[in-house]
Amino acid sequence: MLASGLSRGVGVIGAGYVGLTLSVFLASKGVKTICVEKDRVKVRKIMDGVSPIHEQGLPELLHHVVRNGVLEARDEIGDMMERVEIVFITVGTPTGSDGVPDLSQVKEASRQVGEAMSTSRAARPLIVVKSTVLPGTTWHVVRPIIEEVSGRSCGDGFHLCVNPEFLREGSALQDTMNPDRIIIGAKHSEAAERLKKFYEALYHPSKIPTIITTPTNAELIKLATNAYLALKISFINLISQICEATEDGDVGVIAEGLGLDPRIGPLFLRAGLGFGGSCLPKDLRALRWFAASRGVDTSLLEAIIGINRAQRLRAVEKAESMLGGLSGKRVAVLGLAFKPGTDDIREAASIDIIRELLARGAEVRVHDPAALENARQVLGESVTYCSGLYECLNGADLAIIATEWPEYADIDPSTIKSLMRKTLIIDGRRILNTRRLMEEGIRVHTVGLHNPLA
Ligand code: UDX
């Protein structure tokens with residue numbers, strides 16, 4: 001028996017942010033983990049002890065657990081079922097712009113698991129859906145596929161749970177090690193109890209608040225969490241627009257005041273260019289689609305999405321008005337990642353802003369400490385990639401801070417003045433000392449700050 005309470009190991013299908021972080025964490029706890037990933041390049045990297053994703057603390061731990069043989073990655077499920085008791089499904093669930101979820105990876109993973117179960121002698125494996133899915137998906141899509149392909153029935157032949165994750169990119173490992181809650185959705189209490197016990201042993205001696213509920217509720221808790229976080233961001237961004245229209249409003253002070261109300265709390269009230277990333281925008285669209293398909297009024301969800309879109313466009317419009325037109329103007333975009341600490345540019349504000357700047361005739365130079373290569377895949381040769389911050393500012397008419405990388409906060413005013421053609425800055429993430437820069441003769445427009453001179 002292992003420290004986790006299991007006599008065999010754990011399988012993880014999908015080595016994305018969630019799957020890989022979970023795999024490395026489990027292995028670091030001594031749980032023999034097999035991670036199945038169809039991308040062979042990723043598998044090879046993992047087996048070489050190299051992390052395929054940019055995530056704090058992950059490369060060192062991954063290297064350690066692979067070298068010790070506790071974590072194994074492979075591109076096929078093979079005999080995995082014989083060697084594991086629990087299988088986590090952590091594949092992606094992308095959504096189109098209409099919000100219709102693409103369940104092809106979830107279906108494929110369910111089929112693979114079912115197939116492996118059909119030839120396995122392992123009694124009652126516990127299958128856990130961690131991918132973010134719409135209400136009803138686990139019970140009405142995953143379960144029937146596994147039942148049909150494996151020839152086993154849920155409850156007798158295997159157990160099934162929904163167990164959403166809440167980890168943030170950039171602190172994915174920390175969040176996996178210290179979850180603020182555990183949500184388990186299951187139709188059979190025995191299934192839920194198995195997973196609960198596994199986590200109790202894993203996180204011992206900490207006691208993590210745990211909710212055991214139906215699969216539907218578990219699926220919805222995840223979507224509601226992300227929608228609520230997005231709501232807070234769009235709300236404060238709406239207030240930031242109002243601040244800009246006042247005599248001397250400053251959204252930072254408003255957020256501070258709001259956050260002191262214990263019913264509201266201080267987190268997710270940072271105004272700026274809005275939310276991006278691989279989860280918030282897509283989960284919000286999926287929830288909107290689901291609500292609409294059930295005849296539920298989606299105007300609140302529409303508003304959250306609309307404000308987020310507008311916030312990006314406002315930055316471009318501000319740039320246009322500060323420069324008196326964008327055609328032929330050189331704009332430096334500082335920061336491409338959807339937030340600092342990651343190289344992920346999925347649904348990043350920077351990308352929409354750059355596309356709009358280009359559409360309006362600007363010449364765009366970009367910088368990011370981690371995400372240049374990923375951006376190149378999306379933006380191609382339409383912009384100039386600069387590996388140095390000052391190289392990016394060189395000859396620029398205006399700079400837009402699109403990601404709050406700490407190094408941008410310390411840009412030296414005299415360097416700005418010596419490098420830029422015009423010293424105009426839009427601080428989309430509110431990290432600059434606006435007053436100090438203005439005193440140096442640099443025009444700064446800070447989102448959410450009334451500034452008649454900018
Ligand atoms: C999010 C959820 O936080 C996490 O629980 C879920 O599992 C996955 O989605 P993540 O996408 O890593 O995590 O990023 P997060 O830190 O939540 O930030 C999302 C976006 O909102 C970023 O673009 C960030 O810049 C923006 N944001 C966040 C704000 O604009 N203001 C804030 O106050 C907070």
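How many positive and negative side chains does the protein chain have, and how far apart do the centres of the two sets lie? After that, please look closely at strand E1 (residues 9-13): which residues lie on each of its faces, and with which strands does E1 pair?

Analyst: This is a predicted model, in which local features need pLDDT of at least 70 and side-chain atom pairs count only at pLDDT 80 or more, while totals for chains, interfaces and linings use all residues. Residues are numbered from 1 along each chain as its sequence is written, and side-chain values use heavy atoms, with hydrogens and water left out.

To take the charges first, the protein chain carries 53 positive and 55 negative side chains, and the centres of these two sets are 2 Å apart. Here Lys and Arg count as positive and Asp and Glu as negative, with His and the chain ends not counted, and each charge is placed at NZ of Lys, CZ of Arg, CG of Asp or CD of Glu.

As for the setting of the strand, the chain has 18 helices and 14 strands, which are DSSP runs numbered from the N terminus (helices H or I, at least four residues; strands E, at least two). Of its 454 residues, 55% count as buried, meaning under 20% relative accessible area with a 1.4 Å probe and protein chains only. Among contacts (heavy atoms within 4.5 Å) with a separation of 6 or more, 73% join residues 24 or more positions apart.

Turning to E1 itself, five of its five residues are buried, so the strand is largely enclosed by the rest of the structure. In a regular strand the side chains alternate between the two faces of the sheet. In E1, Gly9, Gly11 and Ile13 lie on one side and Val10 and Val12 on the other, and both faces are covered.

E1 also has partners along the sheet, where two strands pair if DSSP finds at least two bridges between them. With strand E4 (residues 84-89), E1 pairs in the parallel sense over five bridges, and Ile13 stands opposite Ile89 of E4. With strand E2 (residues 33-36), the pairing of E1 is parallel over four bridges, and here Gly11 stands opposite Ile34.

For comparison, strand E7 (residues 182-185) also has both faces covered, with Ile182 and Ile184 buried on one side and Ile183 and Gly185 buried on the other. E7 pairs in the parallel sense with strand E8 (residues 210-213) over four bridges, and the bridge partner of Ile182 in E8 is Thr210.

Notes
Buried means under 20% relative accessible area, exposed over 50%, partly exposed in between (1.4 Å probe, protein chains only).
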